[in-house]
Amino acid sequence: MNWKFTGDRPVYQQIMATIRGAILKGELPPGRKIPSVRDLAAEAQVNPNTMQRALTELEREGLLISGGTSGRSVTQEESVLSAMREAALRELAVECAEKFMVFGITPTQAARLLQSLDEKKEE
């Protein structure tokens with residue numbers, strides 16, 4: 001995983017976003033066991049308590065399942081994974097729309113622009 005942190009929000013939230021991204025990309029597929037808190041903290045170069053907080057929050061969201069002494073794994077619950085994908089795509093769409101609006105382009109115009117890019121790929 002790519003661990004890059006900025007000062008714009010708490011590190012544990014950035015860790016959560018990185019792990020969500022790894023799940024979305026398939027780097028952490030459903031059912032896959034994730035490394036231990038200590039291993040992930042060492043890899044990310046953060047305090048284990050910070051990593052623990054991020055993983056606990058992801059458990060609360062239902063993305064990670066605790067196996068007790070056998071560690072955590074990515075949920076296989078398709079409804080949870082689908083909701084995560086939907087939320088990520090919605091967030092991306094809002095971010096893109098805001099950037100287009102800076103240039104005076106409405107979401108409808110932006111959609112047409114994006115559609116034309118897709119059509120050019122098909123040619």
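Phe 5 counts as partly exposed, with a relative accessibility of 28%. Its partner in an aromatic pair is Trp 3, which is buried at a relative accessible area of 14%. Keep in mind as you explore that this is a predicted model.

**The aromatic pair**
- The structure holds one aromatic pair.
- In this pair, the rings of Trp 3 and Phe 5 are tilted, with 35° between their planes and 6.4 Å from centre to centre.
- Why is Trp 3 called buried while Phe 5 is partly exposed? Buried means under 20% relative accessible area, and Trp 3 has 14%, whereas Phe 5 has 28%.

**The nonpolar core**
- The largest nonpolar core has 23 residues, and Ile 19, Ile 23, Met 51 and Leu 55 have the most contacts inside it.
- Two or more core residues come from each of helix 1 (11-25), helix 2 (37-44), helix 3 (48-61) and helix 4 (78-102).
- Helix 1 gives the largest share, six residues.
- Take a look at Leu 55: beyond its neighbours within four places in sequence, its contacts are Ile 19, Ile 34, Val 37, Leu 40, Leu 64 and Arg 72.

**A charge over a ring**
- Find Tyr 12 and you will see the charged end of Arg 53 over its ring, 3.8 Å from the ring centre.

**Helix 4**
- The 25 residues of helix 4 should span 36 Å at 1.5 Å a residue, and this agrees with its end C-alpha atoms, which are 36 Å apart.
- Leu 81, Met 84 and Ala 97 are the buried residues of helix 4, and what covers them includes helix 1.
- Just after helix 4 comes Gly 104, with a positive phi of about 80°.

Definitions and conventions. Residues numbered from 1 in each chain as written. Predicted model: local features only at pLDDT ≥ 70, side-chain atom pairs only at ≥ 80, totals over all residues. Heavy atoms only, no water. Core = buried A, V, L, I, M, F, W, Y, C linked by side-chain atoms within 4.5 Å. Buried < 20%, exposed > 50% of the residue type's maximum accessible area, 1.4 Å probe, protein only. Helix = DSSP H or I, 4+ residues; strand = E, 2+ residues; numbered from the N terminus. Contact = heavy atoms within 4.5 Å. Phe/Tyr/Trp six-rings, centres within 6.5 Å; stacked < 30°, edge-to-face > 60°. Lys NZ or Arg CZ within 6 Å of the ring centre and 35° of its normal. Expected span 1.5 Å × (residues − 1).
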